[in-house]
There are 4 protein chains.
Amino acid sequence: MKALVFQGPGSRQWEDVPEPTLEAPTDIIIRVDASTICGSDLHILKGDVPAVKPGTILGHEAVGTVTEVGEAVTTVAVGDRVLASCITSCGRCEQCKAARYGLCTGGGGWILGHLIDGVQAEYARIPFADTSVYKVPPALTDEQVLFLADILPTSFEVGVLNGHVKPGDTVAIVGAGPVGLAAVLTASLFTPSRIIVIDLDSTRLARAIECGASGAIELTGEAARDRVLELTDGIGVDVAIEAVGIPETFELCADIVRSGGHVANVGVHGKPATLHLERLWIKGVTITTGLVDTFSTPRLMSLVSTGKLDPLVFVTHRFALEQAEEAYDAFSAAAETGAFKVVLEGAKHQQLVPVGAAAGLEGDAS
Amino acid sequence: MKALVFQGPGSRQWEDVPEPTLEAPTDIIIRVDASTICGSDLHILKGDVPAVKPGTILGHEAVGTVTEVGEAVTTVAVGDRVLASCITSCGRCEQCKAARYGLCTGGGGWILGHLIDGVQAEYARIPFADTSVYKVPPALTDEQVLFLADILPTSFEVGVLNGHVKPGDTVAIVGAGPVGLAAVLTASLFTPSRIIVIDLDSTRLARAIECGASGAIELTGEAARDRVLELTDGIGVDVAIEAVGIPETFELCADIVRSGGHVANVGVHGKPATLHLERLWIKGVTITTGLVDTFSTPRLMSLVSTGKLDPLVFVTHRFALEQAEEAYDAFSAAAETGAFKVVLEGAKHQQLVPVGAAAGLEGDAS
Amino acid sequence: MKALVFQGPGSRQWEDVPEPTLEAPTDIIIRVDASTICGSDLHILKGDVPAVKPGTILGHEAVGTVTEVGEAVTTVAVGDRVLASCITSCGRCEQCKAARYGLCTGGGGWILGHLIDGVQAEYARIPFADTSVYKVPPALTDEQVLFLADILPTSFEVGVLNGHVKPGDTVAIVGAGPVGLAAVLTASLFTPSRIIVIDLDSTRLARAIECGASGAIELTGEAARDRVLELTDGIGVDVAIEAVGIPETFELCADIVRSGGHVANVGVHGKPATLHLERLWIKGVTITTGLVDTFSTPRLMSLVSTGKLDPLVFVTHRFALEQAEEAYDAFSAAAETGAFKVVLEGAKHQQLVPVGAAAGLEGDAS
Amino acid sequence: MKALVFQGPGSRQWEDVPEPTLEAPTDIIIRVDASTICGSDLHILKGDVPAVKPGTILGHEAVGTVTEVGEAVTTVAVGDRVLASCITSCGRCEQCKAARYGLCTGGGGWILGHLIDGVQAEYARIPFADTSVYKVPPALTDEQVLFLADILPTSFEVGVLNGHVKPGDTVAIVGAGPVGLAAVLTASLFTPSRIIVIDLDSTRLARAIECGASGAIELTGEAARDRVLELTDGIGVDVAIEAVGIPETFELCADIVRSGGHVANVGVHGKPATLHLERLWIKGVTITTGLVDTFSTPRLMSLVSTGKLDPLVFVTHRFALEQAEEAYDAFSAAAETGAFKVVLEGAKHQQLVPVGAAAGLEGDAS
């Protein structure tokens, strides 16, 4: 089969690789029907994630159709449409039993396209399938479900739930990229009074406003802080969600949170930040970090099903899976291409699936 | 001044009474600019609430303008527009310090129009003003704020928050009267996947659908139960909110709640219900009761201010305050008149306020 | 092998049965080293639990040594000492993923000695082993761990945690049997100011006082209620835990709980109770029910390991496993025998294990 | 009367000052029967708290007897024994209504001995008495109650409750001074499996062990971190409580907390710390800060009353109030004097209260 393979820093290629096979009785194999590219895939390509070894197939977000199941698998069957998400859960370790799948110590966590082969491929092996994939209702299209693989539960769990967003709150979201926009959508589920988005990219800010943000601030650092304080009568925001991943934006969040408020860090950081305890010790703030656990995925899928959450707003570009390299080019050059999220469509969407096979495997309403 | 006075069971009259005066340094006097009638006012008139003595002025919901303040009052001043709500809080007892103002043991709780004179009058005395009234922002009209005096915080706190409504939940609301409809509006703040309303009045069900309910069931008892189970694949609902106050509707809620779900009782009950512990002991359900505390009032007011909550949907009839008797007639005969909530408008809205006085007291944008 | 087999209402026998074998790749087989008898075993014998078919081996509490593992089992190995508890968890269904294992819809829940053969036997098959058994630390004896199989997590999760016991609370526990006593021990983990135990058996009340209860009431019904109110200045208790399972004791709990307090039902009920909503609707109470989930078992085991929780207080009688019938006789006639909890000791404790086998399987420090 | 007056950095004196008088209808005056000295009083003397103006009477912890009450005061009367604590609450502002009295914006918060005259004096004025003082039960001595004025609620609320200490947890407390020791006592209320205390003072560590800590580490920095990880199988602690107030100890807490754990900062910081987000972003940690609110004071007092909490372990030295200067000398030179907490005893304890007055005011069982 073909897959997008990491060749070492700066290099990746759509190339022939062996098809995946079942390695444990809890594994399944899926045919990939839709995938997408994440900011962390770009980090891997830059060489920022040394755990990824050359030769690894990239990608940790997919909707697919089950083609094989291990003998201990009981809840999914060949032909089922499933969401394979960024987090794999062994279901057995102390962390998994506490629904902290992102911290799985039993062989799961973020492994796809990281520690094992990923899903930017024609087929993929998914370990611990019973506790790691989600069946897709027939009425939903692959694209409607695809962003439940990472950015929607990430922003919801690590941003909105950790930040304790409540009806009537004032929420600031620092960063208007895909995760920041997902935070606008998922914070809205709790009907805050105001959602203020802060970024330096006016296109992205405009998109955030379209998706329900009530205000946009095209500033950074102290100027952004002053503007937030001005908008909140000097009090600050109830919840500040960090969706960038650099010290400056984290520190901005800590500067604009009100006494008794929450800072929820979602960004992936490479450097330490300064925590101004000389100001914060008395303010009664709560600061949280975390990787997504994906425990909220079924709930978010229900909201998509009932039309309360629309993930299609993320999509700016669509490519065939075999055009993965062009997709990477477009996504990497977002400033020029305007790419926000790109969809990689599998053979099913290219009408290349033989009619006979499709009868057994088809289930997408799109 | 004039006021609507309870004369004993079956009898009430708009009549001359002495103007209220400050009785404690924590009191204020307000001019009533808008009031409304509650289902519990009708209960009092039927003689169901013996604590209410003949001679008591009725009413526990008002928006007014402060005309006098006691000398210990520090947070409201003459001329302020305030919301006087069903719950008065001493702010000092153990219950008030735990934000359970409805259970106040220091002289507050539900006292207006119950244990002391109420607010269906030209002027009213409000005890413990610093901890019991809420200032109204200039941009809001009296009518936009009026239903924050009772039904909105009641349905939100006792129904939605006690019931732990969460994004993606399936919620059933039994009873489509004013409190049930307020539960539809305030449950929506948490974006459940579905809100199913159950009542026997098709007009009220239609109103619930207009206000955001996703389904309506015009059935009762076992037939209603069967329909809910059918709609939920036999599982039942995550949260069942009781907004009627009779044993049958409470028992329906306990019958339709899923394993691990919540029953939140909002209705005022006069009789015991049967609790089927032989079925419920194993189901892991949580059942809650309560009177409103009104701790959520400022938060709900913020949501009205930012357009996230529209209380005007309740209003079907408007009367001048001096037409209070006609208003009671219309509200009591809801089946014929179609009355849902009636607004009693004070002199300010009748353009009877002298221009000079208005300059100091006026603040309503309506 | 030998096992205690249910023969239909009123009848059970220690008899020859086939040895259990692995039926699914997630199963294990254990040699039973210690078991005990539960009040629900007596209910089964009375014929109160028709789901139990004649021919079923009884018992759902055991400490044992693993003798065989299915091929999908990854976290326990032959020779491991494990606790097999009343709840089996598939680990895959929605309820299990929310840690509500008692409500498992994937084939688990309470199945041992109920829907499948139980553990009052020389060997037993335990399904879904990876998510259902708990490894025992070498320093703990079998007896120290045995009551973690049911009564300790039951009283802790369904009584103490559901009841939100907090430091400084006044807690009433209605029923001083094994579960009530376990509630005294596990409520004490939160250091309430007072624990009041109510029962009609003075011996059991004395045991409760020895185990940390601060008061005992040897009364029932209204007299018990009046005594509790007298002890609490007419306010009632913060938390009332029902540990009997009849309408009268549940209603007593609802009568003695304070405004804003919690009633946590632990008892197994066979009849409906009366819920006095005409008094309770305004009191802001929370009533919970539930079957144990056993999510707290590792935490409780840690407390036993560090000496913070002593389960040996339950043990009044010890029998060899093969004396299971005598053990049932003693446990059933508790009033005469003074039996509280009886331990059934497996062959290991009878020094009948061949030396060679013991080398591989032994791990009990007792 | 006499009082201990701050004269500017480095200087304080027991001198004649005017007696306090009622300034607002919500004020009371108390005769100080017992006071103590806090680490923050030493900070003020060093000049670290510029908000304190020369001429201010120091002290924010006292047990006293009410001698005068303002006319709006309803819940305390002349002759009542009360605890006056570090936090004053207006009871009216948004923060007070949310029980965050430490963040009071209505004129309260930490004001005694800071923004207004304090309680190291023969008499003191206490503002907002109805919402700021706590009546003392007759059975408790002044000393038993005195440490409820600051260190016990501080460690409980800001350390133990913010840190979500649970039964079975492993807790590390960094700093074995009075607040750290109070954290040992109040963390014990939740029965963690282990409490590990880290400090460089062996005497203080020994005291912590006597008070219930299960382990002591006389190390700092990386050596302390390595020892904690060694004791916890490389996992780290569930909760790390910072009770010192310097960057190094905060950073140690962030280094030893497990994935999914809590860091609760109690220390008062003067400098920023480094937050290693490059390691912490993925660990799912929660970091909290805060000033005490004292909402837990009645609950802690109940635990002292029932013998579940013994505050007398803090007392190493006793002085007459008029010896306040000697008391400061002893407390400041703790390393030499071994002083931990010193009690300043008012005239009542010096048998100088005239018999006639004592009849009306006496209530201390000591």
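## Confidence of the model

The structure is a predicted model, and its overall scores are an ipTM of 0.94 and a pTM of 0.95. Chain A has an average pLDDT of 95, with 96% of its residues scoring at least 70. Residues 352-366 of chain A, however, have a pLDDT below 50, and this stretch has 25 contacts in the model beyond near neighbours in sequence.

## Chain C against chain B

Where chain C meets chain B, 33 residues of chain C are in contact with 33 residues of chain B, and the area buried between these chains is about 2800 Å², with 62% of it given by carbon and sulfur atoms. Leu277(C), Trp281(C) and Thr289(C) together supply 24% of the area that chain C buries against chain B, which is more than any other three residues supply.

The interface of chain C and chain B holds 2 salt bridges, one of which links Arg258(C) to Glu94(B), with the closest N and O atoms 3.5 Å apart. There are also 13 residue pairs in polar contact across this interface, counting pairs with both residues at pLDDT 80 or more. On the side of chain C that touches chain B, at least two residues come from each of α2, β12, β13, α10 and β14 of chain C, and β12(C) provides the largest share, 4 residues. This side of chain C is made up of 13 nonpolar, 14 polar and 6 charged residues.

Strand pairing also crosses from one chain to the other: β14 of chain B, residues 286-288, pairs with β14(C) in the antiparallel sense over 3 bridges, and within this arrangement Thr288(B) stands opposite Thr286(C).

## Chain D against chain A

Between chain D and chain A, the contact takes 33 residues from each of the two chains, and the buried area is about 2800 Å², of which carbon and sulfur atoms give 62%. The three residues that supply more than any other three of the area that chain D buries against chain A are Leu277(D), Trp281(D) and Thr289(D), with 24%.

Chain D and chain A are joined by 2 salt bridges, including the one in which the side chains of Arg258(D) and Glu94(A) meet at 3.5 Å, N to O, while 12 residue pairs are in polar contact, both residues being at pLDDT 80 or more. Among the elements giving two or more residues to the side of chain D that touches chain A are α2 and α10 of chain D, although β12(D) gives the most, with 4 residues. Strand β14 of chain A runs antiparallel to β14(D), joined by 3 bridges, and Thr288(A) stands opposite Thr286(D).

Methods
Residues are numbered from 1 along each chain as its sequence is written. Chains are lettered from A and ligands numbered from 1 in the order in which they are written. Side-chain values use heavy atoms; hydrogens and water are left out. Contact means heavy atoms within 4.5 Å. Buried area is the accessible area (1.4 Å probe) that two parts lose on being put together, summed over both. A salt bridge is a side-chain nitrogen of Lys or Arg within 4 Å of a carboxyl oxygen of Asp or Glu. A polar contact is a pair of N or O atoms within 3.5 Å; within protein, one must be able to donate a hydrogen and the other to accept it, and residues adjacent in sequence count only if both atoms are side-chain atoms. Ala, Val, Leu, Ile, Met, Phe, Trp, Tyr, Cys and Pro count as nonpolar, Asp, Glu, Lys and Arg as charged, and the others, Gly among them, as polar. Two strands pair if DSSP finds at least two bridges between them. pLDDT is the predictor's confidence in each residue, from 0 to 100.
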